[in-house]
Amino acid sequence: MTDTEPPLAPDDLAHRLTEVFDLVGPLYRRVQRKVEQSAPIEGLSVGVRAVLDLLRDNGPMTVPQMGRAQALSRQFVQRMVNDAAARQLVEITPNPAHQRSSLIRLTDEGRAAITAVLAREHALLRQVEGDLTDADVTACVRVLTKMLALFDDVEVG
């Protein structure tokens with residue numbers, strides 16, 4: 001928002017944010033399909049990819065922490081962790097801070113797999129056309145962050 005442009009009235013803002021929702025859902029589903037179609041090299045599902053990416057960004061985490069971070073159920077995250085562990089992409093280790101909630105860590109194989117996926121995604125995203133500026137992307141991130149914060153209290157299961 002520039003200094004010369006006033007904020008939208010709540011009703012106008014709601015209508016404009018509906019446009020964002022109408023784009024985010026199909027975009028998410030298409031990206032999900034593309035990741036799964038493109039991942040045969042690593043064989044990663046979108047869920048396992050999300051687990052590996054979280055661990056790459058944050059270091060060792062518990063399943064409940066990952067579920068909260070991604071707004072996913074603990075049960076779903078546990079299935080993804082089990083899949084990743086079966087493929088030796090993560091290791092499950094004791095948690096000194098909480099005996100009943102193990103820490104999940106990336107293995108070297110997991111780090112290599114997520115690095116390869118992210119490199120491929122980066123190459124794909126470089127193909128976005130247009131004259132987008134840093135300010136455009138900053139504004140998009142700001143809007144999506146505010147929309148996400150609106151739903152922080154939603155239980156994910």
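Biologist: How much space lies in the largest cavity?

Modeller: About 40 Å³ of space lies there. Bear in mind that this is a predicted model. A cavity is a space where a probe fits but cannot get out.

Biologist: How many cavities of 30 Å³ or more does the structure hold?

Modeller: The structure holds 1.

Biologist: Which residues line the largest cavity?

Modeller: The lining is made by G47, A50, V51, L54, M66, Q70, L72, F76, V77 and M80. Find them in the structure above.

Biologist: Which helices each supply at least two residues of that lining?

Modeller: Three helices do: α2 (46-58), α3 (63-70) and α4 (74-86). The largest share comes from α2, with 4 residues.

Biologist: How do the lining residues divide into nonpolar, polar and charged?

Modeller: There are 8 nonpolar residues and 2 polar ones in the lining of the largest cavity, and no charged ones.

Biologist: Let us step back to the whole chain. How many helices and strands does the protein have?

Modeller: The protein has 6 helices and 2 strands. Read from the N terminus, the order is α-α-α-α-β-β-α-α. The C-alpha atoms fill a box of roughly 55 × 35 × 25 Å along the principal axes.

Biologist: What percentage of the residues is buried?

Modeller: Buried residues make up 25% of the 157 residues. Buried means under 20% relative accessible area.

Biologist: What about contacts between residues at least 6 apart in sequence: what percentage joins residues at least 24 apart?

Modeller: In this protein, 56% of those contacts do.

Biologist: Now the helix pairs. What describes two packed helices?

Modeller: Two numbers do: the angle between their axes and the distance between the axes. Take α2 and α4. Their axes come within 9 Å and cross at roughly 85°. An angle from 65 to 115 degrees counts as roughly perpendicular, so α2 is roughly perpendicular to α4.

Biologist: Which residues of α2 and α4 meet?

Modeller: On the α2 side they are G47, V48 and V51. On the α4 side they are F76, V77, M80, V81, D83 and A84. By class, this contact of α2 with α4 has 7 nonpolar residues, 1 polar and 1 charged.

Biologist: At what angle do the axes of α2 and α5 cross?

Modeller: They cross at roughly 105° and come within 10 Å; α5 covers residues 108-125. The two helices are therefore roughly perpendicular to each other. From α2, the contact uses R49, L52, D53 and R56. From α5, it uses G110, R111, A113, I114, V117, L118 and E121.

Biologist: How many residues of each class are in the contact of α2 with α5?

Modeller: That contact has 5 nonpolar, 1 polar and 5 charged residues.

Biologist: Let me try single residues. Is P10 buried or exposed?

Modeller: The cut-off for exposed is over 50% relative accessible area. P10 has 67%, so P10 is exposed. P10 is found in helix α1, residues 10-38. Its C-alpha atom is separated by 22 Å from that of T138, 128 residues apart along the chain.

Biologist: Where is T145 placed?

Modeller: T145 is in helix α6, residues 134-150. Its relative accessibility is 48%, so T145 counts as partly exposed. The C-alpha atoms of T145 and V51 are separated by 21 Å, and the two residues are 94 residues apart along the chain.

Notes:
Residues are numbered from 1 along each chain as its sequence is written. This is a predicted model: local features need pLDDT of at least 70, side-chain atom pairs count only at pLDDT 80 or more; totals for chains, interfaces and linings use all residues. Side-chain values use heavy atoms; hydrogens and water are left out. On a 1 Å grid over the protein atoms alone, a cavity is a set of points where a 1.4 Å probe fits but cannot get out, and a pocket is an open set with protein on both sides within 12 Å along at least five of seven lines; lining residues have an atom within 4 Å of a point. Grid points are joined across faces, edges and corners, and a volume is the space filled by probe spheres set on the points. Ala, Val, Leu, Ile, Met, Phe, Trp, Tyr, Cys and Pro count as nonpolar, Asp, Glu, Lys and Arg as charged, and the others, Gly among them, as polar. Axes are lines fitted to C-alpha atoms, for helices over the stretch in contact, and angles run from 0 to 180 degrees between N-to-C directions. Angles under 35 degrees count as roughly parallel, over 145 as roughly antiparallel, 65 to 115 as roughly perpendicular and the rest as oblique. Contact means heavy atoms within 4.5 Å. Buried means under 20% relative accessible area, exposed over 50%, partly exposed in between (1.4 Å probe, protein chains only).
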